[in-house]
Amino acid sequence: MQQDSRNLLIAMGLSLLVILGWNHFYGAPKVEQARQTLNQLNQMETANRNAAGAPGLAAAPQQMSREEALAESKRIALETPSLFGSIALKGARIDDLSLRDYHETPDPKSANIVLLSPSGAPDAYFVEFNYVAPHGVTLNLPGAETLWTPDGDKLTPATPVTLTFDNGGGLVFKRKVSVDDHYLFTVVDTIENRGTGAVTFFPNASATRQGMPKTSGYAVLHEGFIGVVGADAPSTELTYKAIEKETNNAKVMPADSFAQGGWLGFTDKYWATAIIPDAAENYKGWFREFPGALPQFQADVFGEAKTLAPGENMVLTTRLFAGAKQSKILDYYQNDLGIKKLDMLIDWGYFHFITRPMFWLLEEIYKLVGNFGVAILMITLIVKGLFFPLANRSYLSMARMKEVQPKIKALQELYPDDKMKQQQEIMELYRKEKINPVSGCLPMLLQIPVFFSLYKVLFVAIEMRQAPFFGWIRDLSAPDPTNIFNLFGLLPIDPTQFPVFGHLLHLGIWPLIMGVSMWVQMKMNPEPTDPVQKTMFAWMPVIFTFMLGSFPAGLVIYWTWNNTLSVAQQTLIMKKAGVKVELFDNLRKTFSRKTA
């Protein structure tokens, strides 16, 4: 024992030395490089933005209604099969975008989802493509206040629009904006130097959010900054609160060099924006917060310096994804257009190797049956079929445990005051009888990843949003709307809004059915002999009922159906093995005790 403790201390000491050494020789220099890069970029952009009067480093914009904010600039209309809105000619901002196929509620007459809104409006959220002069150099470059001249009055997939800006000093910018049928914008800037001297500048595309964005607040889902900075880089995720902990409220990626490929922006539960630089261009990703009464959050693609000689021109291409995180569309952009890892905008979670196939299977079954709820029931049947051999062995093991219950009881009576000896003898009995006491739990443990992956699918897949089942379930991704604590709507109150414990009072019809099904499943097996285990098993259905009360209705339906199938499966297996089914005897004992 002393030797084990000594080895543990030595291992902990060596681990600490490794951590300290890494931090001294690698971690600290990286942090210093990031700080220097951030200061350099801040100096250049501060000078440019202060000259241009752009928001972010200046005072927070005055708050106004969305209609008033839209009227601040002349606009060109935007119409596609998936989007509608407008683009501001002031700053050439994409700042007015609504989703044609998505509404606030399941009622198709309810308001469309608004994704982007202009600066100064409530929940302002916009994207712009500008240029930054080197520190100490004064140049009239496109910025937030630049007025562009369009060659048309409407942007559609069939009619791209070209915007022009002449800075009066020899530089002419022509910006061609096009959009596809879904959610991808392509911005092609042609820059011509008609002056007499060379000009140097930095391209900078940014997505900005004014005010703290509303989030779902679930730990299982990431909402906030997101990016893959570099074609082969892992994804970087940062919440709005976490940015405050970064040096100067900003994170630069990479800190010591430029990256090629990838994308970055913001992700919500179902919607996202992602700025996608040209895969051949070098850039740094930049997540920032500008604190204040109205905090601003910004994701930047900051390109390396470009020098344009007199008489020359250059073309710079940047793309923007702005819309719903539909899996098939993201896969198309990723596989056919070469935007690597764009599917990571959907938070599939750690079990993505199960979650994605689960989603695919769910969609394929939906195509056949036309109802995602029915598809969930059929998936449950498939999962039960896959686990059938394991469940068969498990239930047979339970039957064997029932047979040795008298022997276990005798051992407990033989050693009433020696719990350790009692457990040793019981385990020896299990060994002799070739019984695995944990085999009954194994099917449930193996189904946890399946359960969690289905939970993720219901929670993050936009295809599940507002998908109806039958009856009162009009949205499988939302909790059961009924509640026993207001008598299922007879009382004009919402118990979930009560302070302190209101979140525990989300208990609808389907969670109650699930609780009953779980209780019946528990009664299929002999009661545990240990008093602690007996109490725990008795309360487990109640605990799960309250836990799952606020979960998506589709998940509760899955769990209820799974319990029901488990009861039927166990009954058939035990009857086939010639073992008595305990269900009715246990139910009779339970209710007879209550009556007594």
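How many bridges join strand β8 to strand β9, and in which direction do the two strands run? The legends below take up this point and other close-up views of a predicted model.

**View 1. The pairing of strands β8 and β9.** Strand β8 (residues 161-166) and strand β9 (residues 171-179) run antiparallel and are joined by 6 bridges. Strands of a sheet pair through backbone hydrogen bonds, in either a parallel or an antiparallel manner.

**View 2. The open sheet of 9 strands.** Both β8 and β9 belong to an open sheet whose strand order is β6-β8-β9-β10-β21-β17-β16-β12-β13, with antiparallel pairing. The edges are formed by β6 (149-150) and β13 (236-238); each has a single partner strand, so one side of each is left without a neighbour in the sheet.

**View 3. The largest cavity and its lining.** The structure holds 3 cavities of 30 Å³ or more, and the largest has a volume of about 250 Å³. Its lining comprises 21 residues, among which P203, N204, L316, T317 and T318 lie nearest the centre of the cavity. Two or more lining residues come from each of β5 (125-132), β10 (184-193), β11 (199-210), β18 (282-290), β19 (296-303) and β21 (313-324). By class, the lining of this cavity divides into 9 nonpolar, 6 polar and 6 charged residues.

**View 4. The second largest pocket.** About 1000 Å³ of space lies in this pocket. The pocket is lined by 39 residues, and E104, K214, S216, K269 and W271 are those nearest its centre. At least two residues of the lining are supplied by each of β4, β11 and α9; β4 gives the most, with 4 residues. The lining of the second largest pocket has 19 nonpolar, 10 polar and 10 charged residues.

View 5. Helix α8 (residues 419-433) has 15 residues and reaches 21 Å from its first C-alpha to its last, close to the 21 Å expected at 1.5 Å a residue. The buried residues of α8 are Q422, I426, L429 and Y430. These residues cover an arc of only 100° around the axis, which puts them on the same side of α8. An α-helix has 3.6 residues a turn, so residues three or four places apart point the same way. On the face of α8 turned away from the buried side are the exposed residues M420, R431 and K432. The helix is followed by K434, which has a positive phi, near 55°.

View 6. Most residues other than glycine have a negative phi, and most peptide bonds are trans. In the loop between β14 (250-253) and β15 (259-260) lies P254, which is joined to M253 by a cis peptide bond with omega of about -15°. D123, in the loop between β4 (112-116) and β5, is a residue other than glycine with a positive phi, near 55°. The side of the chain at D123 is neither hidden nor fully open: D123 is partly exposed, with a relative accessible area of 46%. Q466 also is not a glycine, and its phi is positive, at about 60°. The loop that holds Q466 runs between α9 (442-460) and α10 (509-522).

Note on methods
Residues are numbered from 1 along each chain as its sequence is written. This is a predicted model: local features need pLDDT of at least 70, side-chain atom pairs count only at pLDDT 80 or more; totals for chains, interfaces and linings use all residues. Side-chain values use heavy atoms; hydrogens and water are left out. The expected span of a helix is 1.5 Å times one less than its number of residues. Buried means under 20% relative accessible area, exposed over 50%, partly exposed in between (1.4 Å probe, protein chains only). The arc is that of the directions from the helix axis to the C-beta atoms. On a 1 Å grid over the protein atoms alone, a cavity is a set of points where a 1.4 Å probe fits but cannot get out, and a pocket is an open set with protein on both sides within 12 Å along at least five of seven lines; lining residues have an atom within 4 Å of a point. Grid points are joined across faces, edges and corners, and a volume is the space filled by probe spheres set on the points. Ala, Val, Leu, Ile, Met, Phe, Trp, Tyr, Cys and Pro count as nonpolar, Asp, Glu, Lys and Arg as charged, and the others, Gly among them, as polar. Two strands pair if DSSP finds at least two bridges between them.
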